[in-house]
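Hi everyone, thanks for making time.

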Amino acid sequence: MSPRLPLFEDETVRSWIERLTAFHGPASVDDLCRQLGINYEGLRFGERDDIFRLGDITGESPALIHRNLLSLTRTGGQRIGPHALTHILRPLDERHICLRCLRQDAKGGPPGFHLRERWEWRLTTSQHCSRHGCELTRIDVPGDDWREEIALNAVTRPKRQEGTRAEDLFHTWLCGEISTRSGRGWTAAMSLPAAVDAVGVIGATLGLGIRDRWQDLEFRDRQRALNAGYTLLCLDKAALRPALFAGFGKKIQTFGQARNHGNPMGALWSWMRNRQTLAPTDPLAAEIFATFEEVQALAGTVS
């Protein structure tokens, strides 16, 4: 395909194909794919052969196409690249944008094929632009016409739920993990869904003292839980043990009776017992149980 229109490192594959369509003239994305002999339905499901065919036709790296591809599984789940997305992280149905990013894109030429959607904007954890720090804006434009609507300033722009820059700690970490797993912290050996679940549970129970299931929390509390868990699990392995000592120590005399009856540490214990069953060699579960036994020994209690 000539001239070549590259896929950007931060761009969704859908956005890139929309720009190819605007650049080369077909009436729709479906028309472009038919003309090129690309099975777009296969791309929607992340089929390897269709990813490689798209790479061959466009001259783009299949590895980058796969990494940036928001796709469906045959069982109804969603992925970004190879990473399964839990319902907490699933892409939003409506579009969210950073107007400052798009204004910079527009300087390159006609907006129909220069404005690009960043894949990190699609995650529910995304509140602000990681480049500019400004709050993302929801746009009410159906289909693929959002670029032209923005260029004409005809788009409606209801604000998202207000947030603060502090709420971006976990999201910034998550975007780095999706791009390249860092190998740091307790989450390094976990799958991404398991890591997100662990961060949320630890953050809610140990960081915030909430006894409810973290997935059931209101949006703001869920964001707070993910950020609290980030500081305990994602940075390094030094912060968790002191926090566990403090948490277990407050309730050590009654913990044996109360741990399954609705207090935050009991909720954490129950979750970790389940995780130990699912992942017997999990070092995070081993650390929690070892810390509890150490606190018990120091307190002279018997479980």
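Helices here are DSSP runs of H or I with at least four residues, strands are runs of E with at least two, and both are numbered from the N terminus. So, just after H1, Gly 25 takes a positive phi of about 100°.

Before I go on: this is a predicted model, where local features need pLDDT of at least 70, side-chain atom pairs count only at pLDDT 80 or more, and totals for chains, interfaces and linings use all residues. Residues are numbered from 1 along each chain as its sequence is written, and side-chain values use heavy atoms, with hydrogens and water left out.

Back to H1. Its buried residues (under 20% relative accessible area, with exposed over 50% and partly exposed in between, 1.4 Å probe, protein chains only) include Trp 16, Ile 17 and Leu 20.

Next, the rings. Phe, Tyr and Trp rings (for Trp, the six-membered one) pair if their centres lie within 6.5 Å; planes under 30 degrees apart are stacked, over 60 edge-to-face, and the rest tilted. We have four aromatic pairs. One of them is Trp 269 with Phe 289, edge-to-face, at 4.9 Å centre to centre and 80° between the planes. Trp 269 is in helix H14 and Phe 289 in helix H15, so the pair ties together parts 20 residues apart in sequence. Both Trp 269 and Phe 289 are buried. Trp 269 and Phe 292 have ring centres 4.7 Å apart and planes at 70°, so that pair is edge-to-face too.

And which residues make up the aromatic cluster? Phe 248, Trp 269, Phe 289 and Phe 292.
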